[in-house]
Amino acid sequence: MDALATQWRAKGLPAVSVQWGPWAEGGMAVDSGALRHLEAQGIIGIEVDQGLLALELAMRPGAPAVQAMA
């Protein structure tokens, strides 16, 4: 996805690829129990308000690929 976003940006098309960390209130990390394992390593889940803010920031002009972690 990063490469595709980079190619589209080079052509003047809008694109961004976001590598999301685990979300606190849902998703594969919570459903599989992986979030507990990640939290034991100091990686906490992204709260909904944090995730929406990260998405808003990712949509601004800038890099074609970003990471969102809490």
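This passage describes the fold, surface and side-chain contacts of a predicted model.

The chain contains 4 helices and 2 strands, and from the N terminus on these elements follow the order α-β-α-α-α-β. The radius of gyration is 14 Å, well over the 11 Å that the globule rule gives for 70 residues, so the chain is more spread out than a compact globule. Along the principal axes, the C-alpha atoms occupy a box of roughly 40 × 20 × 20 Å. Of the 70 residues in the chain, 19% are buried. Among contacts with a sequence separation of 6 or more, 53% are accounted for by residues 24 or more positions apart.

A nonpolar surface patch of about 420 Å² is formed by M1, L4, W8 and L13. Within this group, L4 belongs to helix α1, which spans residues 2-10. The relative accessible area of L4 is 35%; this residue is therefore classed as partly exposed, as the value falls between the limits of 20% for buried and 50% for exposed residues.

One aromatic pair is found in the structure. It consists of W20 and W23, whose ring centres are 5.3 Å apart and whose planes meet at 55°, so the pair is tilted. The angle lies between the 30 degrees below which planes count as stacked and the 60 degrees above which they count as edge-to-face. Both partners are partly exposed: W20 has a relative accessibility of 35%, and W23 has a relative accessible area of 25%.

The structure also holds 1 salt bridge, formed between R60 and E56. The closest N and O atoms of these residues are separated by 3.8 Å, and the pair qualifies because the cut-off is set at 4 Å. R60 is partly exposed at 45% relative accessibility, and E56 is likewise partly exposed, with a relative accessible area of 46%.

P61 and A15 are 46 residues apart in sequence, and their C-alpha atoms are 9.5 Å apart in space.

Conventions. Residues are numbered from 1 along each chain as its sequence is written. This is a predicted model: local features need pLDDT of at least 70, side-chain atom pairs count only at pLDDT 80 or more; totals for chains, interfaces and linings use all residues. Side-chain values use heavy atoms; hydrogens and water are left out. A salt bridge is a side-chain nitrogen of Lys or Arg within 4 Å of a carboxyl oxygen of Asp or Glu. Buried means under 20% relative accessible area, exposed over 50%, partly exposed in between (1.4 Å probe, protein chains only). Rings of Phe, Tyr and Trp (its six-membered ring) pair if their centres lie within 6.5 Å; planes under 30 degrees apart count as stacked, over 60 as edge-to-face and the rest as tilted. Patches are made of residues with over 30% relative accessible area and no salt bridge: like charges are joined within 9 Å, nonpolar side chains (Val, Leu, Ile, Met, Phe, Trp, Tyr) within 5 Å. Accessible areas come from the Shrake-Rupley method with a 1.4 Å probe; for residues, only the protein chains shown count as cover. The radius of gyration is taken over C-alpha atoms; the globule rule is 2.2 Å times the number of residues to the power 0.38. Contact means heavy atoms within 4.5 Å.
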